[in-house]
Amino acid sequence: MYICNIINKKDMNIINLKFKVLLPTFITIMLCCSIISCKQNYNEATKKENAEVILKDYGPEPLVLDIEDYTEANNNFRTALWTGTNLQLTLMSIPVGGEIGLELHSDIDQFIRIEEGKGKVLMGDSKESLTFNAIAEDDYAIIIPAGKWHNLINIGDKPLKLYSIYSPVEHPHNTIHKTFEESEAAHH
């Protein structure tokens, strides 16, 4: 037996009346929710478009930012973005054919994430024995244990954009090296 067969005419009139009254209210509520949702999405998109990327060292203050935007905006070889007591975040832009440079951090663990580009990763126990080789590109992470010789060479066709986290801190607060050569001069 169908449900309409059990509802009498009087009940049906009440249901129709409630439906006629409630439907416009329901539609109004749904439209308001849609408008609010669109406005929130628009505001978030507008905020992101209007968010100015200012490359400076924000440490040791608390910080929340879109790391991808900052990494891709950086055109310096190295920019310290946040320096604390035990941790440092730097941004790097390595030109086509360029490299970080063969180096060793005896007491620093390092994390690198590539936002854009393609690189060849080399690591090993000595300068002469870089037995670990890998290719890394967009969205890849590279973990460099303390005491490992390492290098990252840009083998792509555009600048290699990455961020690096050192623990403990490797570079002085506010470090900016516009070029690889400037970085080398600061280390020697």
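A: Arg 113 forms a salt bridge with Asp 139, with 3.0 Å between the closest N and O atoms. Arg 113 belongs to strand E4 (residues 109-116) and Asp 139 to the loop between E6 and strand E7 (141-144), so the pair ties together parts that are 26 residues apart in sequence. A salt bridge here is a side-chain nitrogen of Lys or Arg within 4 Å of a carboxyl oxygen of Asp or Glu. Helices (H or I, at least four residues) and strands (E, at least two) are DSSP runs, numbered from the N terminus.

The model is predicted: local features need pLDDT of at least 70, side-chain atom pairs count only at pLDDT 80 or more, and totals for chains, interfaces and linings use all residues. Residues are numbered from 1 along each chain as its sequence is written, and side-chain values use heavy atoms, with hydrogens and water left out.

Arg 113 also pairs with Glu 115, where the closest N and O atoms are 2.6 Å apart. Glu 115 has a relative accessible area of 6% and is therefore buried; the cut-offs are under 20% for buried, over 50% for exposed and partly exposed in between (1.4 Å probe, protein chains only).

The structure holds 3 salt bridges. The remaining pair is Lys 148 with Asp 125, and their closest N and O atoms are 2.6 Å apart. Lys 148 is in the loop between E7 and strand E8 (149-154), and Asp 125 is in the loop between strand E5 (118-124) and E6, so this pair ties together parts that are 23 residues apart in sequence. Lys 148 is partly exposed because its relative accessibility is 26%, while Asp 125, at 60%, is exposed. Through shared partners, salt bridges join Arg 113, Glu 115 and Asp 139 into one network. Side chains of opposite charge can pair when their charged atoms come close.

Strand E6 (residues 132-137) contains Glu 137, which is partly exposed at 36% relative accessibility. Glu 137 forms a negative surface patch with Glu 68, Glu 72 and Asp 138. Patches take residues with over 30% relative accessible area and no salt bridge; like charges are joined within 9 Å, and nonpolar side chains (Val, Leu, Ile, Met, Phe, Trp, Tyr) within 5 Å. Asp and Glu count as negative, Lys and Arg as positive, and His and the chain ends are not counted. A charge is placed at NZ of Lys, CZ of Arg, CG of Asp or CD of Glu.

As for the fold, the protein has 4 helices and 10 strands, in the order α-α-α-β-β-β-β-β-β-β-β-β-β-α from the N terminus. Of its 188 residues, 30% are buried. One of these is Ile 94, at 0% relative accessibility, in strand E2 (residues 88-94). Leaving out residues up to four places away in sequence, Ile 94 touches several residues, including Phe 77, Leu 152 and Leu 162; contact means heavy atoms within 4.5 Å. Helix H4 (residues 180-187) holds Ser 183, which is buried at 3%. Beyond its neighbours within four places in sequence, Ser 183 is in contact with Phe 77, Arg 78 and His 177.

Methods:
Accessible areas come from the Shrake-Rupley method with a 1.4 Å probe; for residues, only the protein chains shown count as cover.
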